[in-house]
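Here's a quick briefing to read alongside the coordinates.

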Amino acid sequence: MATRGAWGSNTGFILAAVGGAVGLGNLWGFAYSASQGGGAAFVVLYFGFVLFVGVPVLTAELVIGRHTKRSPIAALAAVGGDRMKWLGVFFVLVGFGILSFYSVIMGWTGRLLVDFVRGAVPEDTAAHFGAISEGIGAIVAHFVGMIITILIIVRGVQRGIERVSVVLMPTLFFLIASLAVWAATLSGSGPGYAFYLQPELSELFEARTITGAAGQAFFSLSLGMGAMITYASYLPGRGSLPAKAGLIALSDTLVAFVGGLVTFPVIFHFGLQQEVSDSAIGALFIAVPRGLLSFGAAGQYVGIVFFSTLYIAALTSAISLLEVVSSAAIDSLGFSRSRAGWLGGAAIALAGIPGALSSDWVGFLFQLVGQACLVLGGLLLALIVGYVWKDSARAELLAGFDHPGLASAWIWLLRTVVPVMLAVTLYFSVVALGPVARALFD
Ligand code: PHE
């Protein structure tokens with residue numbers, strides 16, 4: 001077997017993993033979900049879910065990855081025997097499916113970025129979005145995103161993924177912080193914050209709010225499909241995995257929160273609430289550009305910064321998705337890295353074409369693979385680590401983390417709270433498949 005890649009430094013690993021986690025889900029899904037159900041109550045629920053379900057599952061993925069030093073298929077076979085490798089195969093298919101629609105959305109982002117750079121965003125941003133989101137243009141933008149992603153993956157873990165993350169992630173943090181400061185100066189910022197964060201306690205106990213927070217957290221943290229197993233498989237040495245999991249989850253959640261502090265003031269400054277309540281995509285790709293247009297030249301600069309931020313976020317996530325697929329082909333089929341990257345990437349590019357022709361298909365895939373499958377994957381992982389593999393998992397966790405009591409609490413969470421919460425979430429995310437599936441045929 002060819003020598004496996006490894007991270008050059010701990011910071012490199014953290015930035016790459018945060019890059020995988022921080023993505024369109026943070027900047028597009030989080031604030032939208034908060035505004036649709038619960039406001040600040042949603043945010044609190046989300047934090048709780050990240051802490052008690054997200055971090056334990058993330059830790060489990062890091063433990064499996066570092067212990068086995070394999071990509072998901074081989075890693076799960078090592079953990080649970082040959083039968084378990086099918087869960088790894090499922091993970092790789094989910095990664096494939098997510099990237100096939102994620103890259104399409106990344107393409108829309110890239111297209112709007114180019115339009116802002118050229119100063120060519122038309123007044124009617126809704127019609128413009130309609131035109132660029134489906135058709136040849138959308139296919140081209142999706143292919144361009146896939147090619148950039150492939151070019152980074154084939155350069156390897158350290159020279160490709162790590163190098164890019166170390167530059168792009170600090171840039172992203174800086175850009176989003178600047179945007180939040182700018183948004184605070186807008187006259188609509190007060191009502192915007194209020195709409196985003198107004199606690200709606202009545203909505204807090206609705207199943208929709210609770211499971212919405214759960215599904216959003218899973219997607220945002222990239223859990224339940226082996227991305228974090230894969231990245232942790234390149235971790236050399238020891239060190240505390242819960243500390244890493246905590247840092248990744250905290251950064252991801254912070255970016256999501258700050259993302260809302262950017263989007264909502266813009267929307268309220270221009271009274272664009274209607275677009276937002278229609279859809280999350282409307283908020284990002286229609287309302288925000290429309291708001292920015294009325295600023296003239298300044299708006300153009302902000303638009304460039306805003307869509308660059310989104311593109312960076314999307315790209316580093318796309319990289320982590322393609323790495324799951326490629327590393328599986330490398331480990332399980334014996335492909336070279338460049339063959340795995342190009343073949344896997346080309347197959348995903350082709351599979352993404354239906355999404356570039358119909359945004360309903362994107363919505364359906366998001367609900368199916370981006371929600372239901374991730375939650376199912378996380379549920380199975382929690383059960384495997386909590387019940388089948390717990391002794392080795394405990395030993396691996398304790399290497400570099402000398403807190404036996406916390407290790408026991410972690411296993412306990414994986415056996416109880418986590419599977420119960422995820423089973424309920426799974427039920428609701430399957431129920432939510434109905435409407436998005438029907439939209440396909442309208
Ligand atoms: N976490 C990414 C986001 O928020 C999406 C993603 C999901 C990436 C699963 C990898 C794996 O946009």
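Are Glu-396 and Arg-66 buried or exposed? Both of them are buried. Keep in mind that this is a predicted model. The notes below start with that pair, then move on to another salt bridge, a helix packing and one valine.

**The salt-bridge network around Glu-396**
- The structure has 6 salt bridges, and one network of them links Arg-66, Arg-238 and Glu-396.
- In the bridge between Glu-396 and Arg-66, the closest N and O atoms sit 2.8 Å apart.
- Glu-396 belongs to helix H20 (residues 390-398) and Arg-66 to helix H3 (residues 40-68), so this bridge ties together parts that are 330 residues apart in sequence.
- Glu-396 also meets Arg-238 in a salt bridge, at 3.4 Å from N to O.
- Glu-396 has a relative accessibility of 7%, so it counts as buried, whereas Arg-238 comes out as exposed because its relative accessible area is 54%.

- Asp-115 pairs up with Arg-111 in a salt bridge, with 3.3 Å between the closest N and O atoms.
- These two are 4 residues apart in helix H5, which means about one helical turn separates them.
- Asp-115 counts as buried, at 1% relative accessibility, but Arg-111 is partly exposed, at 30% relative accessible area.

**How H4 packs on H5**
- Helix H4 (residues 72-80) packs against helix H5 (residues 85-118) at an angle of about 155°, and the axes are 7 Å apart.
- Why call H4 roughly antiparallel to H5? Because angles over 145 degrees fall in that class, and the angle here is about 155°.
- On the H4 side, the residues in contact are Pro-72, Ile-73, Leu-76 and Ala-77; they meet Lys-85, Leu-87, Gly-88, Val-89, Phe-91 and Val-92 of H5.
- By type, the residues of this contact split into 8 nonpolar, 1 polar and 1 charged.

**Val-385 and its surroundings**
- Val-385 lies in helix H19 (residues 359-388) and, with 0% relative accessibility, counts as buried.
- Leaving out residues up to four places away in sequence, Val-385 touches Ala-60, Ile-64, Lys-390, Ala-393, Trp-410, Ile-411 and Leu-414.
- Ala-372 is 13 residues from Val-385 along the chain, and 20 Å separates their C-alpha atoms.

Key: Residues numbered from 1 in each chain as written. Predicted model: local features only at pLDDT ≥ 70, side-chain atom pairs only at ≥ 80, totals over all residues. Heavy atoms only, no water. Axes fitted to C-alpha atoms, helices over the stretch in contact; angles between N-to-C directions. Contact = heavy atoms within 4.5 Å. Nonpolar A, V, L, I, M, F, W, Y, C, P; charged D, E, K, R; others polar. Buried < 20%, exposed > 50% of the residue type's maximum accessible area, 1.4 Å probe, protein only. Salt bridge = Lys/Arg side-chain N within 4 Å of Asp/Glu carboxyl O.
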